[in-house]
Amino acid sequence: MYFSRKRLMVDLPEEMTSLWSCTNELCNGWMRDNFVFSVQPVCGQCNSLMEKGEKMLTIVANTSPNQTKR
Ligand SMILES: [Zn+2]
C-alpha cells in the first residue's frame, strides 16, 4: 500500500494535474487542461503556443473561507 507519498511540509492535498504551459520562456502563463477547450491552445498572456505537461498542484480549494497560514 502506498499512502506515504505526501510531503511532510504540505498539508494541502495535491495531485498531478494536466496543464498547458506557455512555451515562451519570458512568460509564465499556464492553464489547467480542463479549462482548455481547443486542441492547441495559445497563451492568454502572450499568444504563444502552449505545450502540455503535468504539475503537482494543490487541489482547487480557493473558495474555502478557512485560510490557514502555511
Ligand atoms: Zn505566454
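Student: What share of the contacts with a separation of 6 or more comes from residues 24 or more positions apart?

Tutor: Residues 24 or more positions apart account for 49% of those contacts in the chain. A contact means that two C-beta atoms, placed from the backbone, lie within 7 Å. This is a predicted model, where local features need pLDDT of at least 70, side-chain atom pairs count only at pLDDT 80 or more, and totals for chains, interfaces and linings use all residues. Residues are numbered from 1 along each chain as its sequence is written.

Student: Which elements make up the chain?

Tutor: Three strands and zero helices. Along the sequence the pattern reads β-β-β. Both kinds of element are DSSP runs, numbered from the N terminus: helices are H or I with at least four residues, strands are E with at least two.

Student: Why are strand 1 and strand 3 called paired?

Tutor: Pairing requires that DSSP finds at least two bridges between two strands. Strand 1 (residues 14-22) and strand 3 (residues 50-58) have nine bridges, in the antiparallel sense. So they count as paired.

Student: Why is Gly 53 called exposed?

Tutor: Gly 53 has 12 other C-beta atoms within 10 Å. Exposed means 12 or fewer, buried means 20 or more, and partly exposed lies in between, with C-beta atoms placed from the backbone. Gly 53 therefore qualifies as exposed.

Student: What does Gly 53 touch, not counting residues up to four places away in sequence?

Tutor: Leu 19 and Ser 21. Gly 53 and Asp 33 are 20 residues apart in sequence, with 9.1 Å between their C-alpha atoms.

Student: Where is Leu 49, and why is Leu 49 called exposed?

Tutor: Leu 49 is in the loop between strand 2 and strand 3. Its count is 12 other C-beta atoms within 10 Å, so Leu 49 is exposed.

Student: Which residues does Leu 49 contact, leaving aside neighbours within four places in sequence?

Tutor: Thr 23, Gln 40 and Val 42. Leu 49 and Thr 23 are 26 residues apart along the chain, yet their C-alpha atoms are separated by 6.0 Å.

Student: How many of the residues count as buried?

Tutor: Of the 70 residues of the chain, 4%.
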